[in-house]
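Reader: I have a new structure to look at. Can you take me through it?

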Amino acid sequence: MMNWNQLISAKRFGMEEFHSQRKENRTEFQRDYDRLIFSAPFRRLQNKTQVFPLPGSVFVHNRLTHSLEVSCVGRSLGNDVAKALLERRPELSQTFLPEIGAIVSAACLAHDLGNPPFGHSGERAISTFFSEGKGQFLRERQPNGEQLSPEEWEDLTHFEGNANAFRLLTHQFEGRRKGGFAMTYPTLASIVKYPFSSSLAGKKSKFGFFVSEEDSFRKIAEELGLIRVSERPMKYARHPLVYLVEAADDICYQLMDIEDAYKLKILTAEETKELLMSYFDKERREHMRKTFDIVSDGNEQIAYLRSCVIGLLERECVQVFLNHEEEIMEGRFEGSLIKHISERPAAAYRHCSETATERVYRSRDVLDIELAGFRIISTLLELMINAVTSPEKAYSALLINRVSSQYNIKSPVLYERIQAVLDYVSGMTDVFALDLYRKINGNSLPAV
């Protein structure tokens, strides 16, 4: 059984030999949060698609605003859980347990850092380039004798933004310090929703770390006392705080996608209100309608309903976590917190999910950005992969020289060269990827 004393450590990954308690107002976990906020990868999220195309006249959520909102909800979840746990076990007050809110908040900021441009279609474009597209040739032994291992091939054909975020935060890129972002162990563990290797991903295509980061995750897991389910293939039970990060994401993406659909006139005001009010009983709905007599602006009414639903779901998820703490600490809890909430909000959440799938995710604007993203990423991968597998060619040299020196694009190891390409492409913003696509296809030229 896992224990909170060990699960929450202030030790920093890659900086263990320099570990010491700093005498300053910020805690180590607040420093994690600040480090992420001021980082370039986090800043680039402002130009990465969440669901809808990046804004024209109507501003909808991008990856940056989504991550900030998830972080706010995550902080509330963590603080409420910490308060309740301390009431149960006051002897833990002198540990790091009161810092749960700060840890979850930082992990929520980082949870989407590894996602490529163009939303989830970017992940699918990378995976299918290797499994169905022109990257299939890499499965076979190359003319120079290089060959990927079965585990490395699974990484490529099941590319996962969550695993890529863990790599981004822990990998020592060229010219960078050891330990990547040098985050605390619990913050890093809290972003790994699927703590197993790609060989266990199956058709879901979800896993927590690439082959190259297995040792890093094992080190973190052993230090924090995560339950090891199996060594080969490598699998651990989740860190308990993963459930709170996941719940914050589940709450936000569902509600914000509905609100964005309203702003883009995909859903009417009445449809949106009905979806959000369905979370509540008749008495609460009557109270809400009285509020509408005071707040007459349609946008503000929907914002009010959205905030009410977030509050309700946050309380529900906290209660589920507390009710199932023993199962969570023993690694036996199944599914997400949101799947265990009470009947009325659970039914409303499912209805919102069904509506989003039918009306939002299949809308023309969303499908158009996915199609465009698929084409752009597939083309960039084709050209860059050909360049790193045939670096002696003149055009290959031009492409390779365009890549930042932080990426090990000239590694003698094939898998590392491919990873460098994926690091480069997945780190792009939507606009950068589109601009590069146009330039290398000869559709636009640099300004002179």
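Author: Start with a term: on a 1 Å grid over the protein atoms alone, a cavity is a set of points where a 1.4 Å probe fits but cannot get out, and its lining residues have an atom within 4 Å of a point. Grid points are joined across faces, edges and corners, and a volume is the space filled by probe spheres set on the points. This is a predicted model, where local features need pLDDT of at least 70 and side-chain atom pairs count only at pLDDT 80 or more, while totals for chains, interfaces and linings use all residues. Residues are numbered from 1 along each chain as its sequence is written, and side-chain values use heavy atoms, with hydrogens and water left out.

Reader: OK, how many cavities of 30 Å³ or more does the structure hold?

Author: One. The largest cavity has about 60 Å³ of space.

Reader: Which residues line the largest cavity?

Author: Its lining is Asp155, Leu156, Phe159, Asn164, Arg167, Phe210, Tyr415, Gln419, Leu422 and Asp423.

Reader: And which helix gives the most to that lining?

Author: α19, with four residues. Helices here are DSSP runs (H or I, at least four residues), numbered from the N terminus. α7 (150-157) and α8 also supply at least two residues each.

Reader: Changing topic: at what angle do α6 and α17 pack?

Author: Helix α6 (residues 119-131) and helix α17 (residues 364-389) pack at about 45 degrees, with their axes 9 Å apart. Axes are lines fitted to C-alpha atoms over the stretch in contact (heavy atoms within 4.5 Å), and angles run from 0 to 180 degrees between N-to-C directions.

Key: On a 1 Å grid over the protein atoms alone, a cavity is a set of points where a 1.4 Å probe fits but cannot get out, and a pocket is an open set with protein on both sides within 12 Å along at least five of seven lines; lining residues have an atom within 4 Å of a point.
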